[in-house]
Amino acid sequence: MDWSYVSGFFDGEGNVHVSKSRNFKNGDTTFYIMIRIYQDNIPVLEQIRTFLGYGKVYKYPNKVAELSFNKKKNVKDFLIHVKDHVLVKKQQVDYVLAHYIFERGSNMSFDVDKFRELIVRKNVDKLRKYHTFLEKNG
């Protein structure tokens with residue numbers, strides 16, 4: 001197991017997920033980044049998790065499993081290590097490393113729309129319409 005293997009696996013079976021989070025104490029909203037890798041071969045995900053030293057493998061009833069993590073230091077470590085190996089997600093990885101604040105603090109200035117433009121996916125327009133609908137309709 002090495003970073004080129006993990007990077008290729010992530011490039012084909014994973015994603016960089018951006019989500020909103022609200023601080024219930026002060027009401028501030030911020031964005032956080034989550035790395036997710038999907039696979040029905042659970043032992044492979046467990047081996048990747050062991051290699052990384054972080055993350056959790058979630059097993060779903062439909063036999064697909066997910067390795068995911070969102071702790072800032074782990075996301076940053078992961079993206080730094082895969083950035084020179086990924087092809088499909090290269091622009092996304094570079095954008096997050098350049099524009100996301102990994103130290104403590106708010107990420108409200110993170111441009112999610114600009115990030116979404118970098119997603120290479122057949123249904124990207126459908127995804128944008130869905131997120132716009134959710135934002136307008138709560």
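**Entry 1: helix 2 and its end**

I began just after helix 2, where G53 takes a positive phi of about 85°. Helices here are DSSP runs of H or I with at least four residues, strands are runs of E with at least two, and both are numbered from the N terminus. I am working on a predicted model, where local features need pLDDT of at least 70, side-chain atom pairs count only at pLDDT 80 or more, and totals for chains, interfaces and linings use all residues. Residues are numbered from 1 along each chain as its sequence is written, and side-chain values use heavy atoms, with hydrogens and water left out.

Which residues of helix 2 are buried? I found V44, L45, I48 and L52, within a helix that spans residues 42-52. Seen down the helix 2 axis, these buried residues fall within an arc of 100°, so they line one face. The arc is taken from the directions from the helix axis to the C-beta atoms. I use buried for under 20% relative accessible area, exposed for over 50%, and partly exposed for in between (1.4 Å probe, protein chains only).

I then turned to the face away from the buried side, which carries the exposed residues P43 and T50. The buried residues pack against helix 1 (3-13), helix 3 (72-82), strand 2 (29-39), strand 3 (56-59) and strand 4 (65-69). Contact means heavy atoms within 4.5 Å.

**Entry 2: the whole chain**

I listed six helices and four strands in the protein chain. From the N terminus they run α-β-β-α-β-β-α-α-α-α. The chain has 138 residues, and 37% of them count as buried. Among contacts with a separation of 6 or more, 52% join residues 24 or more positions apart.

Two packed helices are described by the angle between their axes and the distance between the axes. I take axes as lines fitted to C-alpha atoms, for helices over the stretch in contact, with angles from 0 to 180 degrees between N-to-C directions.

Helix 1 and helix 3 pack at about 100°, with axes 9 Å apart. That makes helix 1 roughly perpendicular to helix 3. My cut-offs are under 35 degrees for roughly parallel, over 145 for roughly antiparallel, 65 to 115 for roughly perpendicular, and oblique for the rest. W3, V6, S7 and F10 of helix 1 make the contact with D77, F78, H81 and V82 of helix 3.

Next I checked helix 4 (residues 90-99), whose axis comes within 10 Å of the helix 3 axis and crosses it at roughly 130°. That makes helix 3 oblique to helix 4. On the helix 3 side I noted K76, L79, I80 and V82, which meet V93, V96 and L97 in helix 4.

Is N74 buried or exposed? N74 sits in helix 3 and counts as buried, at 12% relative accessibility. Leaving aside neighbours within four places in sequence, N74 is in contact with Y54 and F69.

D11 belongs to helix 1. At 10% relative accessibility, D11 counts as buried. D11 and V86 are 75 residues apart in sequence, yet 5.8 Å apart in space, C-alpha to C-alpha. With neighbours within four places left aside, I found D11 in contact with V86, L87, V88 and K89.

Last, I looked at K63, in the loop between strand 3 and strand 4. K63 has a positive phi of about 75° although it is not a glycine. Most residues other than glycine have a negative phi. K63 counts as exposed, at 66% relative accessibility.
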